[in-house]
Amino acid sequence: AAAQMAGMTGQPLVADLSAHEISITTGFEGAELLLFGATEGEGDVIVVVRGPAGSATVRRKSRVLGIWINTASMRFAEVPSFYRVASSRPLEQITTQGMRQRLQIGIGSVRAVPPAGAAAADVAAFRAGLTRARVRADLWQEQPSPVAFLGPKLFRTRISFPPNVPTGIYNVEVFLVKDGREIGAQTAPMRVKKTGIGARIYGLAHRYPALYGLAAVAIAVLAGWTASAAFRRA
């Protein structure tokens, strides 16, 4: 059972997921989890889901002598690989800008640390490019999903995960908000992992990259030779 997050005071909030693990197998086409919970007292509910953080490089293309080439780039740190948000009402109506930035609520507040000394205008432009790329890949969510209340206390929302969802440990945070501040919060981890033959191949590629590369080349050569022999006999 879920427990109230340590250190929070005020009205309690309890929530849980329909599952705490997603297994990616061959032919995986995405998944959907149900988050449900209850509050004691009035307030709005916000749900934030973040995937494992890492670095991300954004490149800018320019036309040089009629050819589009990469002419500039910026590398951001601590970028979540996956981001989803859901709320019972529009974020602007129930939160302040400071609260959104502090808790990374809303796509404009997702953490992405630029290199030290980068010009603010360049950071803004490359940050916009990062956001567009992640939204286009369905890894970041631009508009919040709805959180539905089933009566005065019970609530639920659905969290969708695309086929290209990254593996790793995810953090699911649920906030109870009233008068522009959080009065209750809870966090729970979940995991996305590869299983089956795909997981074994993935593990082999990372543990023994040289051996995996040689095997891949050998398989490609064998496949080409087999196809060539079949055509010669035809």
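Guide: A residue is called buried under 20% relative accessible area, exposed over 50%, and partly exposed in between. The model before us is predicted. By that scale Arg102, with a relative accessible area of 52%, is exposed.

Visitor: With which residue does Arg102 form a salt bridge?

Guide: Arg102 lies in helix α2, and its partner is found in strand β12 (residues 181-194), so the pair ties together parts that are 80 residues apart in sequence. The closest N and O atoms of the two are 2.8 Å apart.

Visitor: How many salt bridges does a search of the whole structure find?

Guide: Side chains of opposite charge can pair when their charged atoms come close. A salt bridge requires a side-chain nitrogen of Lys or Arg within 4 Å of a carboxyl oxygen of Asp or Glu. Across the whole structure, the number found is eight.

Visitor: How many residues apart in sequence are the parts tied together by Arg111 and Glu78?

Guide: The closest N and O atoms of this salt bridge are 2.5 Å apart. Arg111 is partly exposed at 40%, and Glu78 is partly exposed at 41%. Arg111 lies in the loop between α2 (97-103) and α3 (120-136), whereas Glu78 lies in strand β6 (residues 67-80), so the parts tied together are 33 residues apart.

Visitor: Is Arg84, the salt-bridge partner of Asp138, buried or exposed?

Guide: The closest N and O atoms of Asp138 and Arg84 are 3.3 Å apart. Asp138 lies in the loop between α3 and β8 (145-146) and Arg84 in strand β7 (residues 83-87), so the pair ties together parts that are 54 residues apart in sequence. Asp138 is partly exposed at 38%. Arg84 has a relative accessible area of 6%, under the 20% limit, and is therefore buried.

Visitor: Which strands stand at the edges of the open sheet of four strands?

Guide: Strands of a sheet pair through backbone hydrogen bonds, either parallel or antiparallel. Here the order is β1-β3-β10-β9, and the pairing is antiparallel. Each edge strand has a single partner strand, so one side of each is left without a neighbour in the sheet; these strands are β1 (13-17) and β9 (148-150).

Visitor: Which residue of β3 is the bridge partner of Leu17?

Guide: Strand β3 covers residues 31-39 and runs antiparallel to β1, to which five bridges join it. In β3, the partner of Leu17 is Leu35.

Visitor: Is the aromatic pair of Phe149 and Phe155 stacked, edge-to-face or tilted?

Guide: There are four aromatic pairs in the count. The rings of Phe149 and Phe155 are 6.0 Å apart from centre to centre, with 55° between the planes. Planes under 30 degrees apart count as stacked and those over 60 as edge-to-face, so this pair is tilted.

Visitor: What is the angle between the ring planes of Phe161 and Tyr170?

Guide: Phe161 is buried at 3%, and Tyr170 is buried at 1%. The ring centres of Phe161 and Tyr170 are 6.2 Å apart, and the pair is edge-to-face because the planes stand at 75°.

Key
Residues numbered from 1 in each chain as written. Predicted model: local features only at pLDDT ≥ 70, side-chain atom pairs only at ≥ 80, totals over all residues. Heavy atoms only, no water. Phe/Tyr/Trp six-rings, centres within 6.5 Å; stacked < 30°, edge-to-face > 60°. Buried < 20%, exposed > 50% of the residue type's maximum accessible area, 1.4 Å probe, protein only. Pairing = 2+ DSSP bridges. Helix = DSSP H or I, 4+ residues; strand = E, 2+ residues; numbered from the N terminus.
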